[in-house]
Amino acid sequence: MDALKLVALERDDMDIISTHLQDSVLKVGDIIWRPSEMRFVAALNRFDWEAVHNEPHYQRRRSALRFDRVLGVKCRGVKPTEPGAVLNLLAVEFEETDPPGGIVTLVFSGGAALRLAVECLEVELADLGPVWPTPACPHHLKMVP
């Protein structure tokens with residue numbers, strides 16, 4: 001599979017990026033918030049869900065997730081003082097609160113979350129190149145109503 005490069009400027013686009021990022025892992029130290037540039041960047045190891053359907057093995061890709069026009073960042077269960085702590089990304093959600101602005105929430109396993117207040121949705125997900133095999137495919141318990 002070719003390297004992925006996606007841009008999101010509206011909610012439907014964000015849903016596609018979220019799907020590609022499900023089960024990505026990253027270290028707290030790979031998260032950068034630059035208030036003076038209004039930019040939030042995270043380097044992560046993305047599980048390549050498309051490769052599951054096309055190839056007999058599983059793989060991860062080094063990727064970057066960038067948000068521009070970020071007004072502020074809040075965290076829950078993420079400790080900047082622990083840069084080696086590993087986070088498992090479950091979803092990226094966008095709620096428009098003051099169009100075109102709103103709140104982007106990066107939801108991690110264990111109840112951790114990052115909340116970004118944005119002027120408008122301006123996001124890029126790009127694979128950076130390295131690809132490596134991983135022995136297991138993430139699986140999730142199914143909730144029964």
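Is Glu119 buried, partly exposed or exposed? With a relative accessibility of 35%, Glu119 counts as partly exposed, where buried means under 20% relative accessible area, exposed means over 50%, and partly exposed lies in between (1.4 Å probe, protein chains only).

Please keep in mind that this is a predicted model, in which local features need pLDDT of at least 70, side-chain atom pairs count only at pLDDT 80 or more, and totals for chains, interfaces and linings use all residues. Residues are numbered from 1 along each chain as its sequence is written, and side-chain values use heavy atoms, leaving out hydrogens and water.

**Salt bridges overall**

- Side chains of opposite charge can pair when their charged atoms come close.
- The structure holds 12 salt bridges, each being a side-chain nitrogen of Lys or Arg within 4 Å of a carboxyl oxygen of Asp or Glu.

**Arg69 and Glu119**

- Glu119 has Arg69 as a salt-bridge partner, and their closest N and O atoms are 3.5 Å apart.
- Arg69 sits in the loop between strand E5 (58-68) and strand E6 (70-76), while Glu119 sits in the loop between strand E9 (113-118) and E10, so the pair ties together parts that are 50 residues apart in sequence.
- Strands (E, at least two residues) and helices (H or I, at least four) are DSSP runs, numbered from the N terminus.
- Arg69 is partly exposed, at 39% relative accessibility.

**Lys5 and Glu124**

- A salt bridge joins the side chains of Lys5 and Glu124 (3.4 Å, N to O).
- This pair links distant parts of the chain, since Lys5 belongs to strand E1 (residues 5-8) and Glu124 to strand E10 (residues 123-134), 119 residues apart.
- Lys5 counts as exposed because its relative accessibility is 60%.
- Glu124, on the other hand, counts as buried at 15% relative accessibility.

- Asp68 is buried, with 8% relative accessibility, and Arg66 is partly exposed, with a relative accessible area of 27%.
- Salt bridges that share partners join Lys5, Arg34, Glu37, Arg39, Arg66, Asp68 and Glu124 into one network.

**Cysteines**

- The count of disulfides comes to 0, a disulfide being a pair of cysteine sulfur atoms within 2.5 Å.
- Cys75 is partly exposed, with a relative accessible area of 45%.
- Cys120 is buried, because its relative accessible area is 18%.
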